[in-house]
Amino acid sequence: MAKTRPGVSGTKPKQGKKDLDSYTIRGTNKVVRVGDCVLMRPSDTGKPPYVARVEKIEADSRNNVKVRVRWYYRPEESLGGRRQFHGAKELFLSDHYDVQSAHTIEGKCIVHSFKNYTKLEDVGAEDYYCRFEYKAATGAFTPDRVAVYCKCEMPYNPDDLMVQCEGCKDWYHPACVDMTIEEAKTLDHFVCSECSEDDLKRSQNGFHPSPVSDVKVRPFSDQILMMLRQLTFSFFFEQFSIY
């Protein structure tokens, strides 16, 4: 099975079709319903399965079951390719629809929101996440701007370890603050260089900063944190086709 090019229908309309409420994956007891995310067998066995969201299930007069799906793209399938901040389990919900045989469904999976994915204690093989919608023909993303962090001003990659400054509450990659991952894992407290310099200046001016351990900080929500940072990242993708 292979994805057809966006805008090209996988099958021609036929008479005698009926909508189905569900489909049981061949050789399993897993039931697929409209709205579920599924893993679909690629034509190249060396590639990982495609991921899609089932939009419709129908059978023809011969009881051949078809599914209309909306494809998720992996970063390497997009016009811009995979970037440093893309996580290993990241997907883009595309505007590319197709009709495929239900027999190409290999299993089910879960595509989480980005926020929910970052809260998972254990990430399973069937867990993915999506934070962008993607236009297959143009390579455009929605949203086209996201919050950035650290000195490198990159969007958050949930696969990367980061440390939070107790002063400014910004997050940093260990390598960006001259620290190894092993050192970062053993930290009890961390203050970035800018906050350390500010504390030193206040001390030299006769103002003694309170110990960090005595300062009570009210946690910010993700939305407020993004507003406070006022930093954004724009995506610019080279125009080339993967097909």
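This is a predicted model: local features need pLDDT of at least 70, side-chain atom pairs count only at pLDDT 80 or more; totals for chains, interfaces and linings use all residues.
Residues are numbered from 1 along each chain as its sequence is written. Local features need pLDDT of at least 70, side-chain atom pairs count only at pLDDT 80 or more, totals for chains, interfaces and linings use all residues, and side-chain values use heavy atoms, with hydrogens and water left out.

Start with Val38, Met40, Val67, Trp71, Ile105 and Tyr134, which touch the most other members of the 24-residue largest nonpolar core. A nonpolar core is a set of buried Ala, Val, Leu, Ile, Met, Phe, Trp, Tyr and Cys residues joined through side-chain atoms within 4.5 Å; buried means under 20% relative accessible area, exposed over 50%, partly exposed in between (1.4 Å probe, protein chains only). A second, separate core has 13 residues, including Tyr172 and Phe190.

Next, select Tyr73, Phe92, Phe132, Tyr134 and Phe141, which form one aromatic cluster. Rings of Phe, Tyr and Trp (its six-membered ring) pair if their centres lie within 6.5 Å; planes under 30 degrees apart count as stacked, over 60 as edge-to-face and the rest as tilted. Phe132 and Phe141 are edge-to-face, at 5.8 Å centre to centre and 80 degrees between the planes. The centres of Tyr134 and Phe141 are 5.0 Å apart with planes at 50 degrees, so this pair is tilted.

Finish at Tyr97, which is partly exposed at 31% relative accessibility. Beyond neighbours within four places in sequence, Tyr97 is in contact (heavy atoms within 4.5 Å) with Glu55, Arg68, Val69 and Arg70.
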